[in-house]
Amino acid sequence: MIIRRTDNGFQHPVPSDITSPSAYLGRRVWLQRLALGVAGPAIASWAARDAFAQSGAPARPGRLAALSGVRSTVPGATTVETVSAYEHASGYNNYYEFGTDKTDPAAYAKTLKPRPWTVAVEGLVNKPGNYDIDSLLKLAPMEERIYRLRCVEGWSMVIPWVGYSLSALIRQVQPQGSAKYVEFVTLADPKQMPGLRSHVLDWPYVEGLRLDEAQHPLTLLAFGMYGEVLPPQNGAPLRLVVPWKYGFKSGKSLVKIRFTEQQPGTAWNRAAPQEYGFYSNVNPEVSHPRWSQATERRIGDEGGLLAKRRKTLMFNGYEPQVGQLYAGMDLRRWF
Ligand SMILES: Nc1nc2c(c(=O)[nH]1)N[C@H]1C(S)=C(S)[C@@H](COP(=O)(O)O)O[C@H]1N2
Ligand SMILES: [Mo]
């Protein structure tokens with residue numbers, strides 16, 4: 001992946017209309033934390049904004065249709081770190097189908113049409129078919145999950161997604177005993193996506209997971225963020241979020257989900273096999289061949305590029321939940 005220093009666009013002030021922690025934690029828990037003084041400095045900085053939200057100001061960005069979810073009870077699904085500003089989450093993106101600069105997706109993805117939309121489910125399942133986006137929206141209750149997102153390039157954000165575990169869909173389509181992997185194919189339409197003219201990757205963008213990774217409760221099929229439907233640049237109308245893996249495993253704007261016996265090829269592995277393996281679990285101890293993965297820069301941290309870098313956590317901090325999936329595996333070999 002290309003590392004570019006295009007952070008100039010990031011100095012804009014934090015707006016006052018970001019979702020407040022009370023929306024994720026629940027009003028009562030939030031008040032308790034404030035009263036006990038255990039909210040922590042990062043969270044405490046939300047107090048003023050929270051009071052603002054309670055006074056009737058919007059608690060969501062107010063740019064797109066509302067899509068709310070109940071706070072998830074899946075273990076590990078609610079990071080209590082400061083949530084990134086919506087401006088950062090929707091303005092600093094990787095979505096190469098719309099260009100390789102961080103600001104390209106926000107500028108050019110407006111042409112993406114999220115309706116009508118169907119997702120083809122194929123391969124080793126008892127119930128293949130074309131699933132309409134509106135039926136997928138109703139398949140399981142929407143949850144709000146606050147995940148760390150760690151890009152392989154060395155930056156991270158904290159994003160409140162709205163969606164449900166992919167496992168709900170997998171249960172519905174009934175994988176056969178021979179299914180071992182899941183392939184995720186994303187939209188590649190030259191009419192909507194100017195970036196397809198460049199050949200940085202072989203289109204369509206394809207990703208894959210082992211079936212047990214896909215079925216893990218933390219693996220999220222996301223339809224929204226910050227209490228609203230996904231903006232195009234974040235992968236409307238639906239995308240994957242796999243929080244313990246580098247961001248590129250989380251394919252945007254999914255059009256096909258295929259169950260296979262053989263490990264599927266992936267776009268980044270095909271482009272640079274020595275740099276991007278199939279697993280791509282966040283691992284501070286295994287460097288990318290061209291740079292260390294030991295630390296990361298949180299987008300929005302005061303000081304920009306000069307801000308103190310944070311230590312990257314094993315499996316992006318989700319080791320208690322997912323470590324067992326890789327018991328006995330040499331993570332240097334299976335990078
Ligand atoms: N279809 C598609 N999905 C994609 C990408 C892409 O270029 N195309 N980029 C990936 C990368 S490198 C990252 S870090 C995340 C970024 O997601 P975000 O923009 O919602 O933060 O999306 C991933 N999904
Ligand atoms: Mo990334």
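This is a predicted model: local features need pLDDT of at least 70, side-chain atom pairs count only at pLDDT 80 or more; totals for chains, interfaces and linings use all residues.
1. **Polar contacts of the ligand.** A backbone N or O atom of serine 250 is 2.8 Å from a nitrogen atom of ligand 1. At asparagine 94, a polar backbone atom lies 3.2 Å from a nitrogen atom of the ligand. Asparagine 234 takes part through its side chain, where an N or O atom is 2.9 Å from an oxygen atom of ligand 1. Taken alone, the ligand exposes 530 Å², and the protein buries 99% of that.

2. **Where the ligand sits.** If you display cavities, you will find ligand 1 in the largest cavity.

3. **An enclosed helix.** Now move to helix 8, residues 166-173. Six of its eight residues are buried, so the helix is largely enclosed by the rest of the structure. The buried ones are Leu166, Ser167, Ala168, Leu169, Ile170 and Val173.

4. **Two cis peptide bonds.** Most peptide bonds are trans, and the next two spots are worth a look with that in mind. Tryptophan 203 and proline 204 are joined by a cis bond with omega about 0°. Proline 204 belongs to the loop between strand 6 (181-186) and strand 7 (206-210). The bond from alanine 236 to proline 237 is also cis, with omega near -5°. You will find proline 237 in the loop between strand 9 (228-229) and strand 10 (239-241).

5. **Tyrosine 226.** Most residues other than glycine have a negative phi. Tyrosine 226 is not a glycine, yet its phi is positive, about 55°. This residue lies in the loop between strand 8 (220-225) and strand 9. Is tyrosine 226 buried or exposed? Its relative accessibility is 0%, under the 20% cut-off, so tyrosine 226 counts as buried.

6. **Asparagine 316.** Another non-glycine residue with a positive phi is asparagine 316, at about 60°. Its place is the loop between strand 13 (310-311) and helix 11 (319-322). Because its relative accessibility is 2%, asparagine 316 counts as buried.

Key. Residues are numbered from 1 along each chain as its sequence is written. Chains are lettered from A and ligands numbered from 1 in the order in which they are written. Side-chain values use heavy atoms; hydrogens and water are left out. A polar contact is a pair of N or O atoms within 3.5 Å; within protein, one must be able to donate a hydrogen and the other to accept it, and residues adjacent in sequence count only if both atoms are side-chain atoms. Accessible areas come from the Shrake-Rupley method with a 1.4 Å probe; for residues, only the protein chains shown count as cover. On a 1 Å grid over the protein atoms alone, a cavity is a set of points where a 1.4 Å probe fits but cannot get out, and a pocket is an open set with protein on both sides within 12 Å along at least five of seven lines; lining residues have an atom within 4 Å of a point. A molecule sits in a cavity or pocket if more than half of its atoms lie within 2 Å of its grid points. Buried means under 20% relative accessible area, exposed over 50%, partly exposed in between (1.4 Å probe, protein chains only). Helices (H or I, at least four residues) and strands (E, at least two) are DSSP runs, numbered from the N terminus.
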